[in-house]
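Dear colleague,

Please find the structure below, handed over for your own work. My notes on what was found in it follow.

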Amino acid sequence: MTEDKNKKTEKAQKINGVRGMNDLLPADAAQWAHLEHVLRDLTRAYGYEFLRTPIVEATAVFQRGIGEVTDIVEKEMYSFEDRLNGEQLTLRPEGTAAIVRSVIENNLLYEGPKRLWYTGPMFRHERPQRGRYRQFHQFGVEAMGFAGPDVDAEIILMGQRLWDELGLKGVRLEINSLGQADERALHRAALVKYFEQNAVQLDDDSQRRLLTNPLRILDSKNPVMQALIEGAPRLLDFLGDESLKHFNAVQSLLKANNIPCKINPRLVRGLDYYNLTVFEWVTDELGAQGTIAGGGRYDPLIERMGGKAAPACGWAMGMERVLELMKVSGSLPDTVPGCDIFVLHQGGETLIAAMIIAERLRSAGIDTILFCPPDGQSASFKSQMKKADASGASYAVIIGPDELAKNEAQLKDLRSSGDQQAVALDQVLEAVIDALVGASE
Ligand code: ATP
Ligand code: MG
């Protein structure tokens, strides 16, 4: 007995969310909905089709699709074994590898090239800080089956249009060309020679990458490495005619569309699979996490993932960083107003009448909140009225026992006049529509 009593008084311990993985709270939902709306319009404007892949994939998708010697695969993936069948699985850390997996599996390039987009949560085990989370959200576009510089320019124009649409300030485009594998091999030899000559200055990560993927040393964020990286041989100087032609064509198309860009010879991107054009959109407004989006061409990837060779390019943006930059730019939309109508009652028969009217209003497309007493019993009209005011509703519909006895409701203006009028119960919808239309004129 005593034991049971003790248990009752013991407060259950609360369970927190996982570090670096955030709730989207109601107060912020409208901003996300706005961003998602703009993204849908953008993709429609350019003829991109939506493709959704699962959040979990076989680990091999990312090992092969991103490359073993990358931050993501080396240390950031949430990988686990399915304890029921032993499959090696991973929470997706990015979109492209999974999209390519799906395109191959579903034979989506069978009838020719495809323009695709995706959005959703991604997972990386990083140190959480402003603009860097363990669950974050990306939006991305992928144009598959197009080899020319036209589509590189197209996806960059999409990005620029998006920043304009969202009112982002201070976003710069940086661009580079990674050429082709043979050109990178020549550059790689020069790079290895340079870094070997300066081996004492390399940090641990770079020591290792010198043997596995020296190009990625250029991607290092370690401040003490920056001077050394600055002096390294430039890949651009190793590009052949074809690669230069592609790179120049992209730049001319951007120029013709008044898109300024800066060539950044050290831009190599974090993923292994890129070739030719690579680019990033950066800002100084978000501190260390200044890259809001990045992408480029990845012609070898589809074949490398087991599909029929086809060129491709795309980019991905971090939605949290973009929303943060919208905040800094003062371009977040005002939070949307609440419902149209708040319905008050006194329980019993009045609840039944109120609920029927609320449903009738909703069927007519009018956003309606029905008062529900927190104690499940009843509440005074005074306290209900406070809730009605706070709801953002334009009008209240009030049904008390006196009104019900006369088959009436009161319709009260909550915004301007505060006027109140009696309306027959079967005329409430018409009266509400008249009032709402009148108020919006
Ligand atoms: P960073 O250099 O900041 O680590 P990245 O090169 O790893 O970025 P990508 O893999 O190119 O990033 O992902 C595209 C975009 O997704 C980034 O430009 C960024 O806006 C966003 N992003 C990447 N990682 C995170 C994260 N952990 N939290 C929030 N956003 C992220
Ligand atoms: Mg990263």
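This is a predicted model: local features need pLDDT of at least 70, side-chain atom pairs count only at pLDDT 80 or more; totals for chains, interfaces and linings use all residues.

**Backbone, ligand site and voids**

N407 lies in the loop between α15 (401-405) and β15 (408-413); helices (H or I, at least four residues) and strands (E, at least two) are DSSP runs, numbered from the N terminus. The phi angle of N407 is near 60 degrees, a positive value in a residue other than glycine.

Residues are numbered from 1 along each chain as its sequence is written, chains are lettered from A and ligands numbered from 1 in the order in which they are written, and side-chain values use heavy atoms, with hydrogens and water left out.

The domain assignment of the protein chain, whose bounds come from an automatic or database assignment, gives domain 1 (26-179 + 239-329) and domain 2 (341-435). Their C-alpha centres lie 49 Å apart.

Turning to the ligand, 15 residues surround ligand 1, the closest being R124, E126, R132, K221 and R269; a residue counts as near if one of its heavy atoms lies within 4 Å. Polar side-chain atoms of R124 and of K221 each lie 2.8 Å from an oxygen atom of ligand 1, and for R321 the distance is 3.0 Å. The protein covers 91% of the 580 Å² of accessible area that ligand 1 has on its own, by the Shrake-Rupley method with a 1.4 Å probe.

Which elements give two or more residues to the shell around ligand 1? They are β6 (135-144), β10 (291-297) and β11 (312-318), and the largest share, three residues, comes from β10. By class, the shell has five nonpolar, four polar and six charged residues. Here Ala, Val, Leu, Ile, Met, Phe, Trp, Tyr, Cys and Pro count as nonpolar, Asp, Glu, Lys and Arg as charged, and the others, Gly among them, as polar.

Volumes are the space filled by probe spheres set on the points, which are joined across faces, edges and corners.

The second largest pocket has a volume of about 540 Å³. Its lining comprises 20 residues, of which D23, L24, W32, E320 and L323 lie nearest its centre. Two or more residues each come from α2 (26-45), β5 (114-123), β6 and α12 (319-328), with α12 giving the largest share, five residues.

There are three cavities of 30 Å³ or more. The largest cavity, of about 50 Å³, is lined by L51, R52, T53, R92, G95, I99, Y118 and T119.

With kind regards

Key. A polar contact is a pair of N or O atoms within 3.5 Å; within protein, one must be able to donate a hydrogen and the other to accept it, and residues adjacent in sequence count only if both atoms are side-chain atoms. On a 1 Å grid over the protein atoms alone, a cavity is a set of points where a 1.4 Å probe fits but cannot get out, and a pocket is an open set with protein on both sides within 12 Å along at least five of seven lines; lining residues have an atom within 4 Å of a point.
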